[in-house]
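Subject: Structure handover and findings

Dear colleague,

Please find the structure below, together with its sequence. My notes on the model follow directly after it.

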Amino acid sequence: MPALAFSVDAAMAALSPPSGYTVWDSSLPAPELFSGVPQPTNTVPDDVDVSPLAHWTPAHSNALYKVDGWGAPYFSVNSSGNVTVRPHGARTMDHQEIDLLKVVKKVSDSKSNSGLDLQFPLIVRFPDVLKDRLECLQSAFNYAVKSQNYTSHYQGVYPVKCNQDRFLVEDIVRFGSSFRFGLEAGSKPELLLAMSCLCKGSSESLLICNGFKDAEYISLALIARKLVLNTVIVLEQEEELDSVIDISMKLGVRPVVGVRAKLRTKHSGHFGSTSGEKGKFGLTTTQILRVVKKLYQCGMLDCFQLLHFHIGSQIPSTSLLADGVGEAAQIYCELVRLGASMKFIDIGGGLGIDYDGSKSANSDVSVGYTLDEYAMAVVQAVKFVCDRNSVKHPVICSESGRALVSHHSVLIFEAVSSGRYTVPAMSSFDIHNFIEQLPEDAHSDYNNMSDSAIRGDYEACLAYADQLKQRCVEKFKDGSLDMEQLAATDGLCDLVAKEIGESNPVTTYHINLSVFTSIPDFWGIEQVFPILPIHRLDKRPTKRGVLSDLTCDSDGKIDKFIGGESSLPLHELEGENGMKYYLGMFLGGAYQEALGGLHNLFGGPSVVRVSQSDGPFGFAVTRAVPGPSCSDVLRSMQHEPEIMFQTLKHRIEEYVHDEGNMGGAMITGGIAQSFHNMPYLTVGSSCYLTAANGNNGYYYCSDEDFNGGADAVGGDDEPWSYVCA
């Protein structure tokens, strides 16, 4: 074959990128790639020096990950480069900040090192943050009420569907008791939960009963009134009224009734699908008029006291909010005119949070207002309409679940390994040998690629490289090219792409997590959450990465991040003997735990509650619960772990024969321990079945150990005898 101009030296010289083409230099921000490929924009502001020679500081990381945008006033980066929690929000003093890495160390360290020996992934709850969110919401409405001379008050409820965790709901009732904060239920178990919790709350706290209802649901709600709980049955369907009237008469309980109205005002974003005339829930004006008529005919019009509506979650702007509230307030005034004993207007949910820090009114993951502006818009809209109609101002109620609980919970997980395709080196001999073995009809592609590189036409060079690769793939499929030749083709084409600067610098980080279990909204609706390392933020991140979970599913990955990014700035993993690399997902306290599934039988995370303490270390763990074990998740799918264990034990006795049968006993114990362990990886630890611990490499436990189950770490919500450091 005649010598071609595309020798290694010539190729490398020719492939020195021109202006507009840069080679990845392992520093941030990412390089500008060849024409047509967008450059990642998740970089620090222009006034921050991120050149390779600049000294990297925590302030750079704070700006890079936009922590102040989405996290203030609850999250920041300290001088050690660790994410900290400010449990009391803006009122937090410097010495009260909680270092997340110290929490992780206390939770994950062995008990012999005064730790809790819990496995990852991990949810850390901060009840102090929850309390501050509740107080800020109440304060915002109190200020709006006072400044607008509004003659009634605000009285919120928490929709327990956002997160039904027992301690969270009990916290909300306890923290909100002084300002009559109540609960909202949308199903029978949620109603039972709310009834029980509100027995310890204020007698004036509302219990709002939403959702579709059967006779049992309505009976429970009426019994709640009999128990002197301030219960309101909100009609979602017109037909529910007949059951309410009938059952209330049988039980001898006078009900308090509300209706959910279908407004014309529609939220056009992703979360607005339940709003407007075609929404899933609520009654039309025609249906509401029929409800009024029927209650009047039954002598129960005085029972009609509440109007409820819901524009949609994550309302993006106060203009849309005011429009919807104004429409609902006019319906409220009309109901007063028709003789209903109206007292409450329930504006539903919709108070959004800023997931990406952009403060944009044109995004599904951000909002263009503050908490104070939201409250002011609501109060002004209700007051204006009521004053226009000479109607007494109603009690304003909201169901702001997402805004209350999202910040209080942090999901922490490990990156256990990383993988990135390395472009193979090719010598002059390798390339010459490659040319000699090319099929005849692939020579033209190779020659065109070579000529384009020498001319500096890099886009054409890449196109011919891709054409060469595809032609060789077809030759491999028909058997005329062997695997080594195909690999050489891939290597050369990737080498060309790398030299031009087109090759993808993104690394895959494998995380000890199930996206389907712990971040289901990302998989289900592509909801993005802030994700960043919780430590090493005083060091420059030198990689861009996507996150791949443990499940055997191609959807089990996170490749979309705040700011519209398809990769995340990350650090190099420090190797098997180095420090573990911990990532945190923030603002995920609403919905994720309740919606999570059991794909691949990965259960939920371990959970700890951490409160700020005035002791020397600043915080105390008040409760810790290991995540579900393999036995737990198997039981959830109707398997019986005890019977499974006995089956395996008999199999071992039948087939494992060695001296004294000790080997079989040790294997049995190891399998028993596996049933008790969480399904996730135990990073940095040996397997119980293979670890050498003086028993010929096997862990041993008896049948009694298996049937007794693993001990849970728990207790009442009081600090334990130690303070976490």
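I begin with helix H10 (residues 285-297), whose buried residues are covered by elements including strand S8 (230-235), helix H9 (240-251), strand S9 (257-260), strand S10 (304-308) and helix H11 (318-337). Helices (H or I, at least four residues) and strands (E, at least two) are DSSP runs, numbered from the N terminus. Buried means under 20% relative accessible area, exposed over 50% and partly exposed in between, with a 1.4 Å probe and protein chains only. Contact means heavy atoms within 4.5 Å.

This is a predicted model, in which local features need pLDDT of at least 70 and side-chain atom pairs count only at pLDDT 80 or more, while totals for chains, interfaces and linings use all residues. Residues are numbered from 1 along each chain as its sequence is written, and side-chain values use heavy atoms, with hydrogens and water left out.

Helix H10

H10 has 13 residues and reaches 18 Å from its first C-alpha to its last, close to the 18 Å expected at 1.5 Å a residue; the expected span is 1.5 Å times one less than the number of residues. Its buried residues include Ile288, Val291, Val292 and Leu295. These lie on the same side of H10 because they cover an arc of only 100 degrees around the axis, the arc being that of the directions from the helix axis to the C-beta atoms. An α-helix has 3.6 residues a turn, so residues three or four places apart point the same way. Lys293 and Gln297, on the other side of H10, are exposed. Just after the helix, Gly299 takes a positive phi of about 70 degrees.

Overall content and confidence

The protein chain contains 24 helices and 21 strands, and buried residues make up 53% of its 725 residues. Among contacts between residues at least 6 apart in sequence, 74% join residues at least 24 apart. The average pLDDT (the predictor's confidence in each residue, from 0 to 100) is 85 for the chain, and 83% of the residues score at least 70. Over residues 1-40 the pLDDT stays under 50, and the model has 80 contacts beyond four places in sequence for them. For residues 691-725 the pLDDT is also below 50, with 79 contacts in the model beyond near neighbours in sequence.

Nonpolar cores

A nonpolar core is a set of buried Ala, Val, Leu, Ile, Met, Phe, Trp, Tyr and Cys residues joined through side-chain atoms within 4.5 Å. In the largest one, of 154 residues, Tyr158, Phe304, Leu547 and Phe586 touch the most other members. Helix H12 (residues 371-388) gives this core its largest share, 10 residues. Another core, of 23 residues, lies apart from it and has Phe434, Met449, Ala453 and Cys461 among its members. Beyond four places in sequence, the residues that Tyr158 touches include Phe181, Leu183, Leu404 and Val405.

Strand pairing

Two strands pair if DSSP finds at least two bridges between them. Strands S1, S2 and S3 form an open sheet in the order S1-S2-S3, with antiparallel pairing. S1 (75-77) and S3 (98-99) are the edge strands, each pairing on one side only. Two bridges join S2 (residues 83-85) to S3, and Val85 stands opposite Ile98 in S3.

Strand S20 (residues 606-612) runs antiparallel to S21, and six bridges join them. Gln612 stands opposite Phe619 in S21. The two strands form a hairpin with six residues between them, and Gly618 in the turn has a positive phi of about 90 degrees. S21 (residues 619-625) is mostly covered, as five of its seven residues are buried.

Buried loop and helix positions

Pro121 lies in the loop between helix H4 (100-108) and strand S4 (122-125). Pro121 counts as buried because its relative accessibility is 0%. Its C-alpha lies 6.7 Å from that of Asn512, 391 residues apart in sequence. Leaving aside neighbours within four places in sequence, the contacts of Pro121 include Phe413, Leu513, Pro605 and Tyr680.

His408 is in the loop between helix H13 (401-405) and strand S13 (409-419), and is buried at 2% relative accessibility. The C-alpha atoms of His408 and Tyr74, 334 residues apart along the chain, are separated by 8.9 Å.

Gln592, found in helix H20 (residues 592-595), is buried with a relative accessible area of 2%.

Yours sincerely
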